Amino acid sequence: QVQLQESGGGSVQAGGSLTLACATSGWPFSTLTMGWFRQAPGLERRFVATIKWNSDGTYSPAYADSAKGRFTISRDNAKNTVNLQMDNLKPGDTAVYFCSARTRKTLTGMTYRSILDYDYWGQGTQVTVSS
């Protein structure tokens, strides 16, 4: 059982920055593929970024088009955390942001962008960007 706890959400003006953090427990963190998703009111939960564990011990980040060039996903295996640095925020980024973890095997060449690809979820943290 993996426990996930997000932090770092808040309110910011357009053009500002926020860093979200997700603390994990209950599983060897270094072998987890981690993801960030977001859900705006009335919309489905959507992929933002992932950092995939590879069997050779490396990690592969990937981003939604909306996040490329503005968001950076990173992980600190010593602290069992995954972070999402968000720069140049826009009102359209307003949403609840969810951290997720995949404990199932990862396959070479695959990028995990669906909510169905993940096994555990945090409770979410609100990000509000005002114009």
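**Exercise 1.** Determine whether C22 is buried or exposed, and then trace the disulfide that involves C22.

*Solution.* Begin with C22, which is buried, at a relative accessible area of 0%, where buried means under 20% relative accessible area, exposed over 50% and partly exposed in between, with a 1.4 Å probe and protein chains only. This is a predicted model, in which local features need pLDDT of at least 70 and side-chain atom pairs count only at pLDDT 80 or more, while totals for chains, interfaces and linings use all residues. Residues are numbered from 1 along each chain as its sequence is written, and side-chain values use heavy atoms, with hydrogens and water left out.

Next, find the partner: a disulfide, meaning a pair of cysteine sulfur atoms within 2.5 Å, joins C22 to C99 with an S to S distance of 2.1 Å. The link of C22 and C99 is left-handed, with -80° about the S-S bond. This pair connects distant parts of the chain, 77 residues apart, with C22 in strand β3 (residues 18-25) and C99 in strand β9 (residues 95-102); strands are DSSP runs of E, at least two residues long, numbered from the N terminus. Finally, C99 is also buried, with a relative accessible area of 0%.

**Exercise 2.** Work out the strand order of the open sheet formed by 4 strands, and locate its edge strands.

*Solution.* The order is β1-β3-β8-β7, with antiparallel pairing, where two strands pair if DSSP finds at least two bridges between them. The edge strands, each pairing on one side only, are β1 (3-7) and β7 (71-76).
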